[in-house]
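Dear colleague,

Please find below the structure that I am handing over to you. My findings follow it.

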Amino acid sequence: MTGERSLSYLPQDRSFALFTDHLARQSVRGSVAELTGQDLRVARNWRSSVTEPWVLELGEEVEGYGTFRFPYGPFSMGVPEAGTFEIVTYGERILEVLPGFGQKPRGILGSLPGLPLEDAALRVERLAGPYSASHASAFLFATEAAAGTPLPSLEAHVRAVAQELQRVYNHLHVLARLAEAASQNVGQAQTHALAEDLLRLASRHFGHRWLFGALLPRGPSRHLEPSDRSGLARSLSGLGARFEALWELFQGSRTFVDRLQGTGRVTRSQAVMWGAVGPVLRASGVPWDDRLRDPSPPYRDLFLPLAHQSEGDALARTLVRVEEVRSSLLLLEQLLDRWPGGGTIDPAPAVAPGRGLARCEAPSGDLVWDVRVRDGKVLEAGFRSPSQANWPLFALACRQSVFTDFHFTLESFGLSFAETDG
Amino acid sequence: MPSWIGQAFRRGILTSRFPRAPASREEVPETSRPPVLPPGLERIAVLGRAADDCPTGAITADGLYHGRCIRCARCTRQGFTFGGRALANASRPEDLYSPGGGPLPERLGPAPLAGLGRSLQLFLVDAGSCLACNREVLALANPYYDAARLGITFVNSPHHADVLVVVGIPTRPILEPLRRAYEALPGPKAVLAIGACALEGGLFRGNPGTQAPLYETLPVDLFVPGCPPSPLDILAGVLTLAGRMKCLPGVPA
Ligand code: SF4
Ligand code: SF4
């Protein structure tokens, strides 16, 4: 129900998030029966029986003298994606922003049931290209949990390398977009160049710029030979040094810092109440990162400094991302250094039906995949992406801001419409 | 005291030499080249096996339709290699068909914007993409590709654009805005379809709520296959539209 005065966010979404949060307290991945101690039917019923939509009520002042609604999109300047925004305003100030998701759905989730895992994985990757490694990893971990396939540590290791590479890429992309919004032309160009370097590294070592086809149910397409690993480690350390030089300049730029400071603030209680995830959550004073709670290798065995800030504004989110670029580079160094031995995955599909759930920390936050499989085929699948979790927070952060803040708020959240595809 | 200018100088010149020199392997990686069946293999048997395996139906018993290929590399198990002609594009979908799975013939499409001189304005529209195509298009502005050196820039309104660059599979609700955006372009104008999704729907062809192919909605002038195509694939497409690709420089072997 998208009523006149409210906006519903994907009806089953809130319930699903609560459910998975409940599970998260116990473990990071496993079959649902294992995690809840309940039988599968309960879990399924639970999901379908909750129909109450997640509704963001418009604030009080939204109707009044001189206010009007201003549609923005789907091909809007500065938002290189097909989404719409309905902006309620009386001019200068934004009273409310209602993002609209109607333009984008490509029916991907609906097309998964009945597909062999291999084919399904190709579609999952292409749900949101820049986050393909996270989606593919979470999806595969979920199918493996469902089928009860034991996971060799080499697979998990390669997935972690792919995810961390993409995290660095995406954080740099956000930084570049912020620089663009603040007219920092040299900074923007140089940051985009660094991001391009990462795409080229991915292409050289994983065979694809966006890591499509790099992580598959039968094991990753490439296993990073020793020469690959040393080459990758060398390139990354050079990249880290260039990033530091660049960030020093950003920090020294008054224009850049001023534009971000105090922009699009999310308070701690908002973040907790609305279930924010990722850098948005960590920038609002909640030090939560799925990677730190992962009970299995490789993350269990790695040193990961947790980035967090308490201001909750665009600057805090940017600082968190910058810290995470550093920590991801550190993780990559450790991952490449401590390479596990062992073989690849045993592709024998489990015949018995099972349902599995996995979460991982995608670049913009907690990502959950929930998959039912049988005979190596998908029976049913669902996900909760970080964008779905964070869109309401974006709407809240825009309240009472001014038009010129819009892009800074949007970019600092790192949201995508593609990931809301139900 | 560090400065932006100093920083930029320290990085040196990154920009590609394309189209003056052929693209390098770094710029057009293997997976941005079309799959091809090397000569000497038992074609009929290989095509049959690969057709069963191909997730998009790009391979049939008779040949390979590059418009559907998402470069997933699955057919390399049957003997295909990513050795096809780099930077391939076509002005008609049927030109992307290679009977028997061999290399695509070299064809230079007509250049609808040949009269526009050295300046081209692009307007990017997303019909329903996974974002990878969008970012590859926008990568043309980064220092590695620096399309501005060739007079190619991005504009924020269709009213100022010469080329409508479309990425992604058209979803039903986007059809009307797409048509309106196309109408808003002043003539002479062209439509450039980027990526498997914008060609035939790629992996998502036939999904409920989508309406592929794009060429039934808009008069597409040039198709650039790939999933996603590399930035140089896209640049080559733009230059082809403008009649500025005299020959198609390949990748050094
Ligand atoms: S690479 Fe293309 S032709 Fe080969 S299997 Fe994949 S989609 Fe089919
Ligand atoms: S063609 Fe491939 S990369 Fe481009 S939007 Fe479609 S799925 Fe994404």
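I begin with one pair of residues in this predicted model: the side chains of A:R209 and B:E136 form a salt bridge, with a nitrogen-to-oxygen distance of 2.7 Å. Between chain A and chain B the count of salt bridges is five.

On the side of chain A that touches chain B, the elements giving two or more residues are α4 (108–111), α5 (117–125), α7 (153–181), α8 (185–206) and α9 (226–252) of chain A. The most is given by α8(A), with 13 residues. Sorted by class, this side of chain A has 25 nonpolar, 16 polar and 17 charged residues.

As for the extent of the interface, 58 residues of chain A are in contact with 50 residues of chain B. The area buried between the two chains is about 4,500 Å², and carbon and sulfur atoms give 58% of that area.

I would also draw your attention to the confidence of the model. Chain A has a mean pLDDT of 78, and 81% of its residues reach 70 or more. Within chain A, confidence is highest in helix α14 (residues 314–337), at 93, and lowest in helix α3 (residues 40–49), at a mean of 26. Over residues 1–56 of chain A, pLDDT stays under 50, although the model has 117 contacts beyond four places in sequence for these residues.

With kind regards

Notes
Residues numbered from 1 in each chain as written. Chains lettered and ligands numbered in written order. Predicted model: local features only at pLDDT ≥ 70, side-chain atom pairs only at ≥ 80, totals over all residues. Heavy atoms only, no water. Contact = heavy atoms within 4.5 Å. Buried area = accessible area lost by both parts, 1.4 Å probe. Salt bridge = Lys/Arg side-chain N within 4 Å of Asp/Glu carboxyl O. Helix = DSSP H or I, 4+ residues; strand = E, 2+ residues; numbered from the N terminus. Nonpolar A, V, L, I, M, F, W, Y, C, P; charged D, E, K, R; others polar. pLDDT = per-residue confidence, 0-100.
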